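This report is for a reader who is new to the structure shown below. It takes a few residues and groups of residues in turn.

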Amino acid sequence: MSSSLHDDLIVIDGLIVSSWGPRVFGALRAGGITAANCTCSIWEDLAASMRAIADWKTWFRDHAGQIRQVYTTEDIRRCKREGKTGIILGWQNTSGFGDYLPLVQVYRELGLRIVQLTYNTANSVGSGCYETHDGGLTDFGRELVTEFNRLGILIDLSHVGPKTSADAIAFSQQPVAYSHCLPAALKSHPRNKSDEQLRSIADKSGFVGVTMFSPFLKRGGASGIDDYIEAMEYVMNVVGEDQVGIGTDFTEGHGAEFFRYITHDKGYGRKLTEFGEINNPEGLQHIRDFPNLTAALERRRWPERRIRKIMGENWARLLKQVWRE
C-alpha cells in the first residue's frame, strides 16, 4: 500500500451517520478523513435537531484537537494542514425546520450545509423512496429548494422518491447530489438509482456519492472492498469520473435500536424495509480502514489523478460551487 498517497489526499466522505462521540472522532483521524458530512438529524423534530447541533458545538470545543466545524471549503483545506477532521453538519430530512422557512437561515448560520429533502417516506416537501405514491415536489418543497439555493445549502436526494428527485433536479438552480447511493443496474432496490436517474442528476451538473452499505451492494453481506469499487466504476461509466465521490454511510457504533429507528416511518411507524445482518465490505469494515480503499484503488491501477478526484477533490469542487465561495 502506498500509505504516503493516502496521507497526502484530501479525503471527503459524503455521508457518515455513526454514533457520534470521542471514539468515532478518533476513528475519523485514524482513517485519515479530511472532512465528512455528518448526519445530526433523521426523523428528529425542530427541538431535537437543535439539541443535536448544540451537542456538536460542545464536541467542537471539547475535542478541538481532533475535529473542527466546516463552514467553507477553506476550512476543509485547513483541517488537512492541521491534521484534523472537518465536520460538515448535515441532515437527512427537513423535519428539523418544523415547516418554518425562516429557520433555514438560522440553521445555516449555525453551520448546516447539506440537507436531504425527505427521508424514506413523505413529508411536506415531497415523497421518499419507500412511499407507495410519489407525488413529487410540493409547492412548499419548491419554496424550500429556492431558499437552499439562495443560502448555499447542498440538496441531497439519496433517500428521496424518483418523482420528487426528478422535480428537485429540474427545479433547483444549483447542482444537487445523491450523497450516498448505488446503481440499480447492479442490484434492484428502492434505494438504488437507475442509469436514467444517475444521468439526470449529472446532466444538471449534479453529483453522485457512492455508498458501501452492503444491503444495497450486488453481493449484499458477502461483499468485499472490490465490490464497492466495482459499483464506483459502474457509476463513473454512466456519469463520468468528475461527478463521483465517496459516501460510505458508515454506521459505526450503532446497534439494533438505531436500525429499528431508521427502518420505521418517522422512527416508530410502519416498517419500511428489512436489512438483515449489516456487514460492511471486507477490507472496509471500520472507519479507520479508509487507507485500505486507497490501496485497493491503486491495486486496480487507477491513475493517481482519478484517485485524488474520487477520494475528495470532486466533493470539494462541488461544495465550493454550491456554497458559493
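## A buried glutamate

Glutamate 147 counts as buried because its relative accessibility is 13%, and buried means under 20%. The model in which this value was computed is a predicted one. Glutamate 147 sits in helix 6, which covers residues 139–151. Apart from neighbours within four places in sequence, the residues in contact with glutamate 147 are Leu101 and Val104.

## The nonpolar cores

In soluble globular proteins, nonpolar side chains tend to be buried together. Here the largest nonpolar core holds 87 residues. Trp56, Phe97, Leu117, Leu157 and Leu293 are the residues with the most contacts inside this core. The element that gives the most to the core is helix 9 (residues 225–239), with nine residues.

Which residues are in contact with phenylalanine 97, leaving aside its neighbours within four places in sequence? Leu46, Trp91, Leu103, Val104, Tyr107, Leu112, Val115, Leu144 and Phe148 are. Val104 was also named above as a contact of glutamate 147.

## Valine 239 in helix 9

Valine 239 belongs to helix 9. With 11% relative accessibility, valine 239 is counted as buried, because the cut-off for buried is under 20%.

What is the distance in space between valine 239 and arginine 199, C-alpha to C-alpha? The two residues are 5.9 Å apart in space, although 40 residues apart in sequence. Arg199 is also in contact with valine 239, as are Leu198, Ala202 and Val244, when neighbours within four places in sequence are left aside.

Leu46, Met50 and Val106 make a nonpolar surface patch of about 200 Å².

Methionine 50 is placed in helix 3, residues 46–62. Is methionine 50 buried, partly exposed or exposed? Methionine 50 counts as partly exposed because its relative accessibility is 31%, and partly exposed lies between the limits of under 20% for buried and over 50% for exposed.

A disulfide is a covalent bond between the sulfur atoms of two cysteines. The count of disulfides in this model comes to zero. For cysteine 38, the nearest cysteine sulfur belongs to cysteine 40 and is 8.4 Å away. Cysteine 38 is therefore in no disulfide, since a disulfide needs two cysteine sulfur atoms within 2.5 Å. Cysteine 38 counts as buried, at 0% relative accessibility.

Cysteine 129 is in no disulfide either, and the nearest cysteine sulfur, that of cysteine 181, is 11 Å away. Cysteine 129 is buried, with 12% relative accessible area.

## Two loop residues with positive phi

Asparagine 120 has a phi near 70 degrees, which is a positive value in a residue other than glycine. Its place is the loop between strand 5 (112–116) and helix 6. Asparagine 120 is buried, with a relative accessible area of 3%.

Aspartate 249 also has a positive phi, near 70 degrees, and is a residue other than glycine. Where does aspartate 249 lie? The loop that holds aspartate 249 runs between strand 9 (244–246) and helix 10 (256–262). Aspartate 249 is buried, with a relative accessible area of 9%.

Key. Residues are numbered from 1 along each chain as its sequence is written. This is a predicted model: local features need pLDDT of at least 70, side-chain atom pairs count only at pLDDT 80 or more; totals for chains, interfaces and linings use all residues. Side-chain values use heavy atoms; hydrogens and water are left out. Patches are made of residues with over 30% relative accessible area and no salt bridge: like charges are joined within 9 Å, nonpolar side chains (Val, Leu, Ile, Met, Phe, Trp, Tyr) within 5 Å. Accessible areas come from the Shrake-Rupley method with a 1.4 Å probe; for residues, only the protein chains shown count as cover. A salt bridge is a side-chain nitrogen of Lys or Arg within 4 Å of a carboxyl oxygen of Asp or Glu. Helices (H or I, at least four residues) and strands (E, at least two) are DSSP runs, numbered from the N terminus. Buried means under 20% relative accessible area, exposed over 50%, partly exposed in between (1.4 Å probe, protein chains only). A nonpolar core is a set of buried Ala, Val, Leu, Ile, Met, Phe, Trp, Tyr and Cys residues joined through side-chain atoms within 4.5 Å. Contact means heavy atoms within 4.5 Å.
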